[in-house]
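Reader: I want to learn how to read a model like this one. Can you take me through some features, one at a time?

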Amino acid sequence: MSDHKEQWGRLLAPYRMTRQGKKPADLDVVRNPFVQDYDRIIFSSSFRRLAKKTQVHPLVRNDHIHNRLTHSLEVSSVGRSLGLQVGQTLADRGHLPDGFSPEHLGQIIQAACLAHDIGNPPFGHAGEEAIRDWFKDTGHTEHYFKELRPAERADFEAFDGNAQGFRVVNTLENNKDAGGFRLTFPVLASLVKYPRSAHEALGQASGKFNFYTAEQGIFTEIFTTLGLMRDNRTRRHPLSYLLEAADDICYRIIDMEDARELRIIGYQDIKNVMEPLLGDKDMDTARLGAMDSDRRRSGMLRTRAMACIIPSVVQTFMECYEDMMAGTLEGDLLKHAQPDVAKFMSAAKEVFNSKIMNNPQKTALEIGTYTLYKRLLDIFIPACFNFSKKNSMSYQEKRALTLMGSNAPSEGECLYTAYLRVLDFVSGMTDDYATFISQQFSGTAAQ
């Protein structure tokens, strides 16, 4: 027990970067540092822009459909519940360090969940794919990227919203290029699902990563301080498994609700998926039948599904506890879920892949995303290349740098940093603004 208490004392140490370097924040205040982290995120412009970024269905007119902001708020709520329940179990075992309560774990996960999608580009995963493919184009790599080191090139060719999010919170927001939000280390570590760089992720099954070469220093500082880097091995913070589970739970349920709202699937599809999880008592056919709309029925099923899944995930966390603490757990937490939850997640995934992802309107917009990103990157990357190389620049390229505003590269910055500034600008756009700028670049004004 004492070993785990000591380990959690290090995992939860509320250090944050300041102007004077790494310092512990004061935990013994009413508005503790984890609550402060939450506030820093929720009042930021990067978080606010998530209201105009695609969750699953781009550019929809239905106000009931989730965007990245509403999704993040819901994930944050589920994550807080998971953190509180796990925290209480750890407190009962005597594993929480002195001065920490279950509420602190709930607050850490709540803040991390709030920021988990903050680096996602316009049009979600389709946007990620479009960016990657532009940077993988051999014509582009041979001209613009031959001077970059392999690790730097990998950041662009494997572009991922998780790594961009890590950059947003640590570099771009609030204290630009000087620590970003300056969040506490436990919140930052909980945000990291894939504790490796793009270059380190090459050849791995998922290919996922969580930080760019530019943020290697702050990543190492965080994970070393919390005891997550030892013997040349980096492991995940145990609370990051709860963030990942909260995200998975929300989007599997919410994706179906949104698809029903858009009439891609029907209420019966949702009912069929949830029936084995809920059973006859929770399904309460009479009460559901008395409701006045399928929207309300779907909402009731969601509420009851959450009530079943959350305690089950807490149980799974404790069953996997020793492996997580040792850094030897394979895969995500839901891979080890109880049979009823695992069956539900699998069935929801099947509905998503077979019906929701193949919706013709969604598919057409995703294909159009490639043209949009090509227009943007075809202008901004050459402009930054010529600026950094001190080549002559066309009027168009000069105006492109003006359009980038504070994201434009500065004199003396290397080519790698200049290209990151393009990613910062383009990925930070909302769906509407990216569409508008792309239309302007094509010579057609938005109607």
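Author: Start with a loop residue. Asn 120 sits in the loop that joins helix H5 (102-114) to helix H6 (124-136). The model is predicted.

Reader: Is Asn 120 buried or exposed?

Author: Compare its relative accessibility with the cut-off. Buried means under 20%. Asn 120 has 5%, so Asn 120 counts as buried.

Reader: Which residues does Asn 120 contact, leaving aside neighbours within four places in sequence?

Author: Asn 120 is in contact with Lys 53, Arg 68, Gly 161 and Ser 427.

Reader: Now helix packing. What describes a packed pair?

Author: Two packed helices are described by the angle between their axes and the distance between those axes. Take helix H4 (residues 68-93) and helix H16 (residues 294-319). Their axes come within 10 Å and cross at roughly 45 degrees.

Reader: Which residues meet where H4 packs on H16?

Author: From H4 come Val 78, Ser 81, Leu 82, Gln 85, Val 86, Thr 89, Leu 90 and Arg 93. From H16 come Met 306, Ile 310, Pro 311, Val 313, Val 314, Phe 317 and Met 318. By class, the residues of this contact between H4 and H16 are 11 nonpolar, three polar and one charged.

Reader: Pick one residue from that list. Where does Val 86 lie, and is Val 86 buried or exposed?

Author: Val 86 lies in helix H4. Val 86 is buried, with a relative accessible area of 0%. Not counting residues up to four places away in sequence, Val 86 touches Leu 242, Val 314 and Phe 317.

Reader: How far apart are Val 86 and Gly 165 in sequence and in space?

Author: They are 79 residues apart in sequence. From C-alpha to C-alpha, Val 86 and Gly 165 are 26 Å apart in space.

Reader: How far apart are Gly 21 and Gly 179, in the same terms?

Author: Gly 21 and Gly 179 are 158 residues apart in sequence. Their C-alpha atoms are 9.8 Å apart in space. Gly 21 belongs to strand S2 (residues 21-24). With a relative accessible area of 18%, Gly 21 is buried.

Reader: Back to packed helices. How do H19 and H21 cross?

Author: Helix H19 covers residues 360-388, and helix H21 covers residues 415-427. Their axes come within 9 Å and cross at roughly 150 degrees. An angle over 145 counts as roughly antiparallel. H19 and H21 are therefore roughly antiparallel to each other. H19 passes H21 in a right-handed crossing.

Reader: Which residues make the contact between H19 and H21?

Author: H19 contributes Tyr 373, Leu 376, Leu 377, Phe 380, Ile 381, Cys 384, Phe 385 and Ser 388. H21 contributes Leu 415, Ala 418, Tyr 419, Val 422, Phe 425 and Val 426. The residues of this contact of H19 with H21 comprise 13 nonpolar, one polar and no charged.

Reader: Where are Arg 263 and Lys 390 found?

Author: Arg 263 is in the loop between helix H13 (238-261) and helix H14 (267-283). Lys 390 is in the loop between H19 and helix H20 (395-404). For accessibility, the exposed cut-off is over 50%. Arg 263 is exposed, at 78%. Lys 390 counts as exposed too, at 65%.

Reader: One polar side chain to finish. What lies 2.7 Å from a polar atom of the side chain of His 140?

Author: The backbone oxygen of Trp 134 does. His 140 is in helix H7 (residues 138-144). His 140 is buried, with a relative accessible area of 15%. Leaving aside neighbours within four places in sequence, His 140 is in contact with Trp 134, Phe 145 and Asp 378.

Technical notes:
Residues are numbered from 1 along each chain as its sequence is written. This is a predicted model: local features need pLDDT of at least 70, side-chain atom pairs count only at pLDDT 80 or more; totals for chains, interfaces and linings use all residues. Side-chain values use heavy atoms; hydrogens and water are left out. Axes are lines fitted to C-alpha atoms, for helices over the stretch in contact, and angles run from 0 to 180 degrees between N-to-C directions. Helices (H or I, at least four residues) and strands (E, at least two) are DSSP runs, numbered from the N terminus. Angles under 35 degrees count as roughly parallel, over 145 as roughly antiparallel, 65 to 115 as roughly perpendicular and the rest as oblique. A crossing is left-handed if the near helix is turned anticlockwise from the far one by less than a right angle, and right-handed if clockwise. Contact means heavy atoms within 4.5 Å. Ala, Val, Leu, Ile, Met, Phe, Trp, Tyr, Cys and Pro count as nonpolar, Asp, Glu, Lys and Arg as charged, and the others, Gly among them, as polar. Buried means under 20% relative accessible area, exposed over 50%, partly exposed in between (1.4 Å probe, protein chains only). A polar contact is a pair of N or O atoms within 3.5 Å; within protein, one must be able to donate a hydrogen and the other to accept it, and residues adjacent in sequence count only if both atoms are side-chain atoms.
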